[in-house]
Amino acid sequence: MEETLVILKPSAIGRGIAGEIITRFERKGLIIAGMKMIQLNDALLDEHYAHLVDRPFFPRIKASMMSTPVVVMCVRGKDAVQVVRNMTGVTNGRNANPGTIRGDYSMSGQENIVHASDSVENGKIELARFFKPEEIFDYTPSGINYLYASDEV
Ligand code: ADP
């Protein structure tokens, strides 16, 4: 099964909706393989958002991402990267489809509730950035036979 990194951003923590967002992943049938609260810092954000460092709004994103602790999650499932991106919706909450997390909870291009890895390769890199190997757990939920057919896992 695939794994992807989800970050519940300060826009989720500060609004007190982290539990609702986690519930969506659980309800979908994704497996929470790792989860912890951390405080992001300059070095981590420069690395994590390296593709945005030259954008004029980068200092603002960083300040926002450090404004509260965040929850980082390792989410596991078949095709988990694409499934979670589909659930997340497009970057700007105002354009995100209703039914997606950003579409249902965000009015902003910046304050958009969650980060989700955008490829399998980046998922691996991002999980290694935020988790030690022993913080990601390999277990089988008791309801696995009702999440997948036997030829799907
Ligand atoms: P995504 O999070 O959808 O993969 P990006 O990797 O392009 O999107 O951007 C990372 C984060 O930077 C976004 O989730 C958002 O919080 C912020 N961001 C991106 N573009 C803008 C923008 N034009 N104005 C403000 N914040 C932005």
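**Entry 1: the pocket**

I started with what lines the largest pocket: by class, I count 6 nonpolar, 10 polar and 8 charged residues there. A reminder to myself before going on: this is a predicted model.

How much space lies in the largest pocket? I looked it up and got about 530 Å³. The lining is made of 24 residues, and the closest to the pocket's centre are Lys9, Tyr49, His51, Leu52 and Thr91.

Next I wanted to know which elements supply the lining. Helix H4 (58-65), strand E4 (114-116) and helix H7 (120-130) each give at least two residues to it. Which of them gives the most to the lining? That is H4, with 4 residues.

**Entry 2: the ligand**

I then turned to the ligand. It has 13 residues around it, and the ones that come nearest are Lys9, His51, Thr91, Gln110 and Asn112. I noticed that Lys9, His51 and Thr91 also turn up among the residues closest to the centre of the largest pocket.

His51 uses a polar side-chain atom, 2.8 Å from an oxygen atom of the ligand. Asn112 also has a polar side-chain atom 2.8 Å from a ligand oxygen. For Gln110 I had to look at the backbone instead: one of its polar backbone atoms is 2.9 Å from an oxygen atom of the ligand.

**Entry 3: Ser11 and Ile113**

Leaving out residues up to four places away in sequence, Ser11 touches Ile17, Glu111, Asn112 and Ile113. Ser11 belongs to helix H1, residues 10-13. Is Ser11 buried or exposed? Its relative accessibility is 7%, so Ser11 counts as buried.

I looked at the contact with Ile113 in more detail. A polar atom of the Ser11 side chain lies 2.9 Å from the backbone nitrogen of Ile113. Ile113 itself sits in the loop between helix H6 (101-105) and E4. Ile113 is buried, because its relative accessible area is 0%. I also wrote down its phi, which is positive at about 75 degrees, although Ile113 is not a glycine.

**Entry 4: another positive phi**

Asp79 went on the page for its phi too. The angle is near 55 degrees, a positive value in a residue other than glycine. Where is Asp79 found? I traced it to the loop between strand E3 (70-77) and helix H5 (80-88). Asp79 has a relative accessible area of 43%, so I put it down as partly exposed.

**Entry 5: Thr4 and its surroundings**

I moved on to strand E1 (residues 2-8), where Thr4 is found. Its relative accessible area is 0%, so Thr4 is buried. What does Thr4 touch, not counting residues up to four places away in sequence? I listed Met73, Cys74, Val75, Ala80, Val81, Val84, Ser117 and Leu127.

Thr4 and Asn112 are 108 residues apart along the chain, and their C-alpha atoms are separated by 18 Å. Asn122 is 118 residues from Thr4 along the chain, with 8.4 Å between the C-alpha atoms.

Asn122 is in helix H7. At a relative accessible area of 26%, Asn122 comes out as partly exposed.

**Entry 6: Arg129**

I stayed on helix H7 for Arg129, which has its place there. Which residues is Arg129 in contact with, leaving aside its neighbours within four places in sequence? I found Leu44, Glu47 and His48. With Glu47 there is a polar contact between the two side chains, at 2.8 Å.

Definitions and conventions:
Residues numbered from 1 in each chain as written. Predicted model: local features only at pLDDT ≥ 70, side-chain atom pairs only at ≥ 80, totals over all residues. Heavy atoms only, no water. Buried < 20%, exposed > 50% of the residue type's maximum accessible area, 1.4 Å probe, protein only. Polar contact = N/O pair within 3.5 Å; in protein donor to acceptor, adjacent residues only side chain to side chain. Contact = heavy atoms within 4.5 Å. 1 Å grid on protein atoms, 1.4 Å probe; cavity = no way out; pocket = protein on both sides within 12 Å on 5 of 7 lines; lining within 4 Å. Points joined across faces, edges and corners; volume = space filled by probe spheres on them. Nonpolar A, V, L, I, M, F, W, Y, C, P; charged D, E, K, R; others polar. Near = heavy atom within 4 Å.
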